[in-house]
Amino acid sequence: MSITILGIESSCDDTSAAVIRDGYILSNITAGQEVHREYGGVVPELASRAHQQNIIPVVDRALHKAGVECSELSSVAFTRGPGLMGALLVGASFAKGFAMASGIPLVEVNHLQAHILVHLIREREGINRLPSFPFLSLLVSGGHTQIVNVKAPLKMEILGQTIDDAAGEAFDKCAKIMGLPYPGGPWIDKYAKEGDPEAFKFPKPGAGRFDFSFSGLKTSFMYFLRDREKESPGFTKEHFNDLCASLQFTIIQMLLGKVIEAAESTGVKNITLSGGVAANSGLRQAFSAESKKRGWDLYLPQLRYTTDNAAMIAITGYYKYLEKDFAPLSVAPLAKYNY
Ligand code: KG4
Ligand code: ZN
């Protein structure tokens, strides 16, 4: 019998619902939240309210697009955390109500594990390649940066992570210093395409063997611009593309360097990228080039699976369903959720 999972994601500023049947994606609908743009970051109270408004229409569209009736669902999976508490509560409460009303089991999902497992989603059209186990995952998002050894769908070992800011935060904070809108990552990516990545050198702060530190980069970038502006007013504007390219290059080198070390130390050659920053064109190119050199089998996520989406929750829910790893209706969201 088929296993059909409804996935719900509401951890930050995207309300998303998706349907996956036997590992194949049937639908993945996301409503973003423009309301935060003018504040230069996500405003938690506004996010909760927008989730509340969006969740029913988004689920409705996801079921409709999938051509699936509520009675055909095997389970509903939702993001338990990490994320904004008020935002998580909307998805969790919806999922509980839905599970209870439909008489189907509830599955709770860790958002970070879900980002990593996008590579296990099967597409209906065409045959897409899935990585074999073990694989190393570089998870780079707005809130997290980790290198994870994935031994099985639900068996993951974190080898290293950021000790301060996430890679996405480094992009966003430096973009803000340059006067770019939030989130700044995609803007840096855009301007970097026209710039020289080696025009300026920025320090790469050290951390533990497979760990990262990005907060020092943001500080040195800020002081660099302040000093250059003092010497030569208008410097930032004049060198905008080169600054974006050099900053992006520095972040990429930091990420790539640690993944090389982790791959050498574990002997694992299957490499995957996940999370919002995995949309970065420079990062994708750098990993593709390095993979050719090192004989890695590289898996780049489709762009629609890089930022937050419910397809990743549904695929993780699918694997948890296979293990009968169900959650009680008393389960509560977790703003911080280690795995
Ligand atoms: O995974 P995600 O949607 O949300 C979190 O779970 O954090 O990641 C959002 C992050 C933001 O920091 C955003 O600036 C970054 O991903 N991002 C990018 C690009 N697209 C999104 N960073 C660099 N280049 C991009 N093209
Ligand atoms: Zn995320």
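Here is a walk through the structure above, from its zinc site to its sheets and helices.

A word on conventions before setting out: this is a predicted model, in which local features need pLDDT of at least 70 and side-chain atom pairs count only at pLDDT 80 or more, while totals for chains, interfaces and linings use all residues. Residues are numbered from 1 along each chain as its sequence is written, chains are lettered from A and ligands numbered from 1 in the order in which they are written, and side-chain values use heavy atoms, with hydrogens and water left out.

Let's begin at the metal. The zinc ion (ligand 2) is held at 2.1 Å by His111 (NE2), His115 (NE2) and Asp308 (OD). Donors here are N, O and S atoms within 2.8 Å of the metal (3.2 Å for Na, K and Ca), and sites may look incomplete, as water is not among the atoms. The site has 4 donor atoms, with angles of 95 to 134° among them, and is tetrahedral. That label applies to four donors if all angles lie between 85 and 135 degrees; four count as square planar and six as octahedral if opposite donors are over 155 degrees apart and all others between 65 and 115, and anything else is irregular.

Along the sequence, the donor residues follow the spacing H-x3-H-x192-D. His111 and His115 both sit in helix H3 (residues 111-116), and because they are 4 residues apart there, about one helical turn separates them. Helices (H or I, at least four residues) and strands (E, at least two) are DSSP runs, numbered from the N terminus. Both His111 and His115 are buried, where buried means under 20% relative accessible area, exposed over 50% and partly exposed in between (1.4 Å probe, protein chains only).

Now to the sheets. An open sheet of 5 strands has mixed pairing and the order S3-S2-S1-S4-S5. Strand S3 (24-31) and strand S5 (106-110) are at its edges with a single partner strand each, so one side of each lacks a neighbour in the sheet. From one strand to the next, the twist averages 20°. Two strands count as paired if DSSP finds at least two bridges between them. Within this sheet, strand S1 (residues 4-9) and strand S4 (residues 75-81) run parallel, with 4 bridges, and Leu6 has Val76 in S4 as its bridge partner.

Next, look at strand S6 (residues 135-140), which is antiparallel to S7 and joined to it by 6 bridges. A hairpin of 4 residues links S6 to S7, and Leu138 is found opposite Ile147 in S7. S6 also pairs with strand S9 (residues 270-274), this time in the parallel sense over 4 bridges; there, Leu136 has Ile271 as its partner. In S6, 6 of its 6 residues are buried. Phe135, Ser137 and Leu139 cover one face, and Leu136, Leu138 and Val140 the other, all of them buried.

Strand S7 (residues 145-152) has 6 of its 8 residues buried, so the rest of the structure largely encloses it. A hairpin of 2 residues leads from S7 to S8, and 6 bridges join S7 to strand S8 (residues 155-161) in an antiparallel arrangement. Two pairs to look for are Gln146 opposite Gln161 and Asn149 with its bridge partner Glu157.

Finally, the helices. Helix H5 (residues 185-192) packs with helix H8 (residues 240-266) at an angle of about 115°, their axes 8 Å apart. That makes H5 roughly perpendicular to H8. Axes are lines fitted to C-alpha atoms, for helices over the stretch in contact, and angles run from 0 to 180 degrees between N-to-C directions; under 35 degrees counts as roughly parallel, over 145 as roughly antiparallel, 65 to 115 as roughly perpendicular and the rest as oblique.

Helix H9 (residues 281-294) contains Lys292, which counts as exposed because its relative accessibility is 73%.
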